[in-house]
Amino acid sequence: MKRSNTEIERSKDLERRLQDLNKRHGRDQAGKEEAEKSGPAKAGIGNAFRLSSEFISAILVGTAIGYGIDWLAGTSPWGMIVFLMLGFVAGILNVLRASGEMVSPSEDKPDASGRQNENK
Amino acid sequence: MANDPISQFNLTELIPLQIGSTDLSFTNSSLFMVATVVLTSGFFIWATGRRGMVPSRAQSFAEMTYEFVAGMLRDSAGSEGMRFFPLVFSLFLFILVANMFGMFPYFFTVTSHVIITVALALLVFATVLIVGLMRHGLGFFKLFVPSGVPMAILPLVVAIEIISFLARPVSHSIRLFANMLAGHITLKVFAGFVVSLSSLGAVGIVGAILPMIMTVGLTALEFLVAFLQAYVFTMLTCMYLNDALHPGAH
């Protein structure tokens, strides 16, 4: 199928006008905002809920595993105590990981990034 | 509908159905799940049906949604992760539309029941496990063994890593369910204040202005949370899928 000349011209014209518009609105050619300021602010509540649930769920899972081990091996209450502690540690680890991933890599914080790599 | 804040989450059987000892009744929850699926698939079929060089409003919206989810997936799981796009896109739309349905008065919020969100989170968890084991075999378990840890504390670290891994579906599901449940209860409680205060006469009506303002504000917040939780759920799905594809990179 060959497109007619007028059709090609029209699509070129449209592209040119789109680029003009993007330039005028301070966006790059792909139409993306120059600085996406709305990103981090919008995700604030999400991050807060995420961190707390990461922490709590690890403790819950640790306790459940410990309880299961006690139930199977009859070592009550030691499995639960040990795995509650381990779950606590895992929760802290989860929170550190989650918050480490929230810091964008472009931000230069030498000590923070070092710790982040250690965690991964 | 009753005035207490919990009754909005009651399940009611619309079409009772019992197969063997299993209760397979069609409930109001099922109705809204069907409505969610029908609305999303219907919209996307309709919007992309008449594709044009210059997109119509509906087509443009469909493309924007696609680009949004595709960008999210590509950022966290790489272009390799795009093979999971159908799963991630369906999850995002299902949760988003179900949350938004819940914002209509008298509508049922599907995602406020933990069984739904657990099913979705376990789906992601099982996908990560199966894909990880299929692609890397036993190498997938390197996920639990961080490099550069002394042998002496390795068992401890592995136990912690395993707990942390198993905690994923729990936090993944609880976050979505708890947000929707808590948000809807708060909204209903404040709306209830308006009703009970305004029945106290003139002073009550003046006093009811405050919870009224709160209700309006909370409604806006709930819309934000409804979108945000769909976004966070999808975002974490992408990150977990990334672990299945590159377990060593962690």
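**Notebook: burial, confidence and a helix pair**

I began with chain A and looked up burial: of its 120 residues, 19% count as buried.

Next I checked what chain A is built from. I found five helices and zero strands. Reading along the sequence, I wrote the pattern down as α-α-α-α-α.

I then turned to the contacts in chain A, keeping to those with a separation of 6 or more. Residues 24 or more positions apart account for 45% of them.

Time for confidence. For the model I noted an ipTM of 0.74 and a pTM of 0.78. Chain B averages a pLDDT of 88, and 98% of its residues score at least 70. Which element of chain B has the lowest mean pLDDT, and which the highest? I found the lowest, 82, in strand β3 (residues 22–23) of chain B, and the highest, 94, in helix α3 (residues 85–102) of chain B. A friendly reminder to myself: where pLDDT is low, the predicted coordinates should not be read in detail.

Last, I looked at a helix pair in chain B. Helix α5 (residues 154–198) of chain B packs with helix α7 (residues 209–245) of chain B at an angle of about 170°. Their axes are 10 Å apart. Angles over 145 degrees count as roughly antiparallel, so I logged α5(B) as roughly antiparallel to α7(B). I also sorted the residues in the contact of α5(B) with α7(B) by class: 17 are nonpolar, seven polar and three charged.

Key: Residues are numbered from 1 along each chain as its sequence is written. Chains are lettered from A and ligands numbered from 1 in the order in which they are written. This is a predicted model: local features need pLDDT of at least 70, side-chain atom pairs count only at pLDDT 80 or more; totals for chains, interfaces and linings use all residues. pLDDT is the predictor's confidence in each residue, from 0 to 100. Helices (H or I, at least four residues) and strands (E, at least two) are DSSP runs, numbered from the N terminus. A residue is buried if 20 or more other C-beta atoms lie within 10 Å of its own, exposed if 12 or fewer, and partly exposed in between; C-beta atoms are placed from the backbone. Two residues are in contact if their C-beta atoms, placed from the backbone, lie within 7 Å. Axes are lines fitted to C-alpha atoms, for helices over the stretch in contact, and angles run from 0 to 180 degrees between N-to-C directions. Angles under 35 degrees count as roughly parallel, over 145 as roughly antiparallel, 65 to 115 as roughly perpendicular and the rest as oblique. Ala, Val, Leu, Ile, Met, Phe, Trp, Tyr, Cys and Pro count as nonpolar, Asp, Glu, Lys and Arg as charged, and the others, Gly among them, as polar.
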